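Here are some notes to read with the structure open beside you. Please take the points in order and find each named part in the viewer.

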Amino acid sequence: MIVGKQKPIEETWAMVKDFSRVLVFGCNTCVAVCHEGGNKEAQILASLMRMKATQEGLSLEIRDSGIERQCEHEFFESAEKDIEWADAVLSLACGVGVQFMVKRYPEILVYPGLDTCFLGDVEKNGLFTESCQACGKCVLAETAGICPVSRCAKRVLNGPCGGSNKGACEINKDLPCAWQLIVDRLEALGRLADYERLAPIKDWSTERAGGPRKLIHEEFMK
Amino acid sequence: MSVKTPSKLEKILAAGHQAVTSECGPPRGSDPEVIREKARLIRDHVDVVNITDNQTSVTRMCSLASCFHLKQMGVEPVLQMVTRDRNRIALQGDILGAASMDIHNILCLSGDHQSFGDCATGQNVHDLDSMQLIQTVRLMRDEGKFLGGGDISRPPEMFVGAAANPFAQPHKIRVPRLAKKIAAGVEFIQTQCIYNLDRFEEWLAEARDRGLTEKVYILAGVTPLKSVGMAKYMKNRVPGMDVPDEVVARMAGVPKEKQAEEGVTICVETIQRLKEVPGVAGFHVMAIEWEEKVPEIVERAGLYPRPAMP
Ligand code: SF4
Ligand code: SF4
């Protein structure tokens, strides 16, 4: 899932306060799971903003709404009226959702309410951790199922670096060293000898470095 | 091991001498005199001098230019190169730049994370890792090829080194990791500073058992402690450093004004003991911002004079 974090209200308030009809718009999938951008969070943020408007004596109208996913056309129908009503939308989706709305509603101003942070999992209730950077050429088969691209601070493919310290990464003692995890798992699986295989130089052209990426399925495009 | 490059370090090692290397950090400014002055302090007592590459991620004069200043004064440099700051285009380009100045030694490192330095909000690159940089230099040197497959006119002639830390965790892969660097093509190793001699000797024995000391020259890293404060700092704050309690206690056991001398003595004793250990091909004496102590350490350890090499 995509994990995001709400921007400080001072920042989002500055984006929208000079409009007259503002819609705070939730996205009820990934960013709802991390309690930052779902329809419930949209409701709360909208009421906080209404209080701010009263405090500052501004007459703007603020509504909230939301849909299941802001990154696909099929979910927008139920919210079409709210969106058309607004002269600015504060989207609580990830950056993908915000931009999807920009494409879909070119005439409406859409602002980002979240900072999109990473692709991660729900390690346990309330804890979300990064575990993939969509590098476009997965190496998990060679690294005991633990991703060095996203979980090592230097994305070294032949780790660990010299900074690995008692299981922690050199940058933070609360962050596990990905390569310690890889070595431990290889050992647990009885495959420590695999550690000595050199990982080849990686083709990063399938990653961000190669420019924006696309996946095309002609058969579904009609 | 036969000599493959014009490197003085390689010649000294191949001739069976225990080599002595040291290192200098470039200044936070553009005055070449700073690097020359450090080199003057140690030039007669060491064979080659490493120049660090923006060490601890603090921006400094670049390693390549600093190496050039050493070269001009007749001191043989080891170009340290980290994969943190340059992609494969820049790494290969800088290797050729160094080769154009007839720099014959390179040390391939990943580099500390940028969050330790003065540009914590910057990007890191890590297009290659340190093992892959070793492979790259060997490809460029031995096959005269770029990573992209093209031919290099006048390929670099560099003796290829890397670091190893016998003390870091996970312990179980310390020797396999050395084997992996050898498989990547490394020819000499400079180790992390050694204070825990027993652990170092264990690591080396394991490497010897696997025949690795026949395939790579291992230079034991030593750093004189200036004070008990420094000993404690290294013990508690520097990742991957193993300073046993006895060493801290020994430093604490002498009065403040004698601690520097004690630190130098510990360093000399370390070299004296390790000189006799099979598989130790030499010493890397890192006297951090204390270069003036290097001559004394080298002399007292019985490593002076240095062999003359053509
Ligand atoms: S290797 Fe690439 S695709 Fe696989 S988990 Fe890591 S970043 Fe994601
Ligand atoms: S300590 Fe481990 S996770 Fe951190 S940069 Fe080094 S290898 Fe990567």
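Predicted model: local features only at pLDDT ≥ 70, side-chain atom pairs only at ≥ 80, totals over all residues.

1. Residues are numbered from 1 along each chain as its sequence is written, chains are lettered from A and ligands numbered from 1 in the order in which they are written, and side-chain values use heavy atoms, with hydrogens and water left out.

2. Chain A is assigned domain 1 (2-118) and domain 2 (134-210); the bounds come from an automatic or database domain assignment. Between the C-alpha centres of these two domains the distance is 37 Å.

3. Chain A has an open sheet of four strands, with parallel pairing and the order β3-β2-β4-β5. At its edges are β3 (61-67) and β5 (109-112), each pairing on one side only. From one strand to the next, the twist averages 25 degrees. Strands are DSSP runs (E, at least two residues), as helices are (H or I, at least four), numbered from the N terminus; two strands pair if DSSP finds at least two bridges between them. Axes are lines fitted to C-alpha atoms, and angles run from 0 to 180 degrees between N-to-C directions.

4. Strand β2 (residues 21-27) of chain A runs parallel to β3(A), and seven bridges join them. In one of these pairings, A:Leu23 has A:Arg63 as its bridge partner in β3(A).

5. Which residues are around ligand 1? They are A:Ser131, A:Cys132, A:Gln133, A:Ala134, A:Cys135, A:Cys138, A:Val139, A:Leu140, A:Cys147 and A:Val149, each with a heavy atom within 4 Å. By class, this shell has eight nonpolar, two polar and no charged residues. Ala, Val, Leu, Ile, Met, Phe, Trp, Tyr, Cys and Pro count as nonpolar, Asp, Glu, Lys and Arg as charged, and the others, Gly among them, as polar.

6. The whole structure holds three cavities of 30 Å³ or more. On a 1 Å grid over the protein atoms alone, a cavity is a set of points where a 1.4 Å probe fits but cannot get out, and lining residues have an atom within 4 Å of a point. Grid points are joined across faces, edges and corners, and a volume is the space filled by probe spheres set on the points.

7. The largest cavity has a volume of about 100 Å³. Its lining of 13 residues includes A:Cys152, A:Ala153, A:Cys161, A:Cys169 and A:Cys177, which lie nearest its centre.

Technical notes: 1 Å grid on protein atoms, 1.4 Å probe; cavity = no way out; pocket = protein on both sides within 12 Å on 5 of 7 lines; lining within 4 Å.
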